[in-house]
Amino acid sequence: MVIAGLAFGIMLGMGSALETLCGQAYGAKQTHMLGVYMQRSWVILTLTSFVLLPIYLFATPILRFFGQDQDIAELAGKFALYMIPQLFAYAINFPMQKFLQAQSKVMAMAWVSGFALIFHIFLCWLLIVQFKMGLVGAATALNLSWWIVDLGQFLYIVMGYCPGAWTGFSWGAFRDLAAFVRLSIASAIMLCLEFWYYMLLVVLAGNLKDAQIAVAAISICSNLNGWALMIFIGFNAAISVRISNELGAGRPRAAKFSIIVVVLTSALIGLAFFALVLFLRNVYALPFTNSPEVSKAVSHLAVIFAFTLLLNSVQPVLTGVAVGAGWQWLIAYVNVGCYYVVGLPLGSLLGAKLELGVEGIWSGMMTGVALQTVILTVITFGTNWNKEAEAAGSRIREWGGSIEPIKDSKPNKNGTVLLA
């Protein structure tokens, strides 16, 4: 979780630069720039994968340096080596994902992901249960499933289903890289500070007494939180695309109305999850463990976990607004203050110093999330959206560069632009 989460956060964050640029370019009818932006992101993220490779290669000594249990560190390091192909799959996937989202090609992504999920379930059963390949089988299934998603999305794009946005490979992908990298780094810092924050729950739990029980309990809750978070990440992507499209098109009132609708909808779903966890507090760990000690530890986390789901229903939506509007650096500063100046030290104090265990760690860190949510709410609803709409065009030129559309061209029947 920590090693893959570290890479996932960086790659997803850098790929999220496309949410701002592609979304605003699409709203401004500069559709020809979307394919170039995606290719620039491929170049940057592939280079980033090589930079991150040593973390996978030396995972065991890194985890031991941070005081993790020897058995856990060795097993995680072994698994990290098997997961290297997934790292490079991230580099290809996230730019395509944002490219398609900006054009609202969501159902195509859903079909590709649905097929990959069915294949993944079958492959996990075959390799882990039938062939008893253990970690090797799990890693193989994950790697192949990620690359199937990449292949499916790429074929959809190049077969002409994104007319005007994909005009083939272009040397323009290597132009204006410096400006593009700046926005990618800002996006990565913003999301990584957030993503790693939750991964640190596992790290801090690994330093407690009865570390294996603590890590198991945190991992079960983190897994369930990840499932629920998929819904709210969907709202995150939806509001990010809508905000960027509306700002690019110069419609600030539509952008503001969209925020209100999505925040209220997501919060209602969060309340439903909140009630469900409290109702099932004594049984929701049972599908994941047959250990009474772990199950008891998970039930003790029910109240904190329920509040986590409630906060996570609103916070991703507000982050999506920030990405759509291009506020990555601002939100990065907010995340540093709320998460690493307030939440993390408080969690460490309550969990380790005051010996409140996992509940103390999680309570302190959720205080940081609550503070961040309040600040993002104030920023979002205090923003002059008319000025944001005016700034959208200059933001595209400043951070993304520009390329003139192909002149004297016409689309063929599949939508692919050919020189006349």
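## Overall shape

With 420 residues, a compact globule would have a radius of gyration near 22 Å, and the chain comes in at 22 Å, so the two agree. That radius is taken over C-alpha atoms, and the globule rule is 2.2 Å times the number of residues to the power 0.38. Along its principal axes, the C-alpha trace spans about 70 × 55 × 35 Å.

Keep in mind that this is a predicted model: local features need pLDDT of at least 70, side-chain atom pairs count only at pLDDT 80 or more, and totals for chains, interfaces and linings use all residues. Residues are numbered from 1 along each chain as its sequence is written, and side-chain values use heavy atoms, with hydrogens and water left out.

## Make-up of the chain

The secondary structure comes to 16 helices and two strands. These are DSSP runs numbered from the N terminus, with helices (H or I) of at least four residues and strands (E) of at least two. Of the 420 residues, 50% count as buried; buried means under 20% relative accessible area, exposed over 50%, and partly exposed in between (1.4 Å probe, protein chains only).

Take the contacts in the chain with a separation of 6 or more: 82% of them are accounted for by residues 24 or more positions apart. Contact here means heavy atoms within 4.5 Å.

Helix H7 (residues 106-130) has 25 residues and should span 36 Å at 1.5 Å a residue; its end C-alpha atoms are 35 Å apart, which agrees. The expected span is 1.5 Å times one less than the number of residues. Buried residues in H7 include Met109, Val112, His120 and Cys124. The helix's buried residues pack against helix H6 (84-102) and helix H8 (134-161).

Now for the loops. Ser104 sits between H6 and H7, and Lys132 between H7 and H8. Ser104 isn't a glycine, yet has a positive phi of about 60 degrees; Lys132, also not a glycine, has a positive phi of about 55 degrees. Ser104 is partly exposed, at 48% relative accessible area, while Lys132 is exposed, at 67%.

## A look at Ala267

Ala267 belongs to helix H11 (residues 252-279). With a relative accessible area of 21%, Ala267 counts as partly exposed. Setting aside neighbours within four places in sequence, Ala267 touches Leu310, Ser313 and Val314. Leu135 is 132 residues away from Ala267 along the chain, and their C-alpha atoms are separated by 38 Å.
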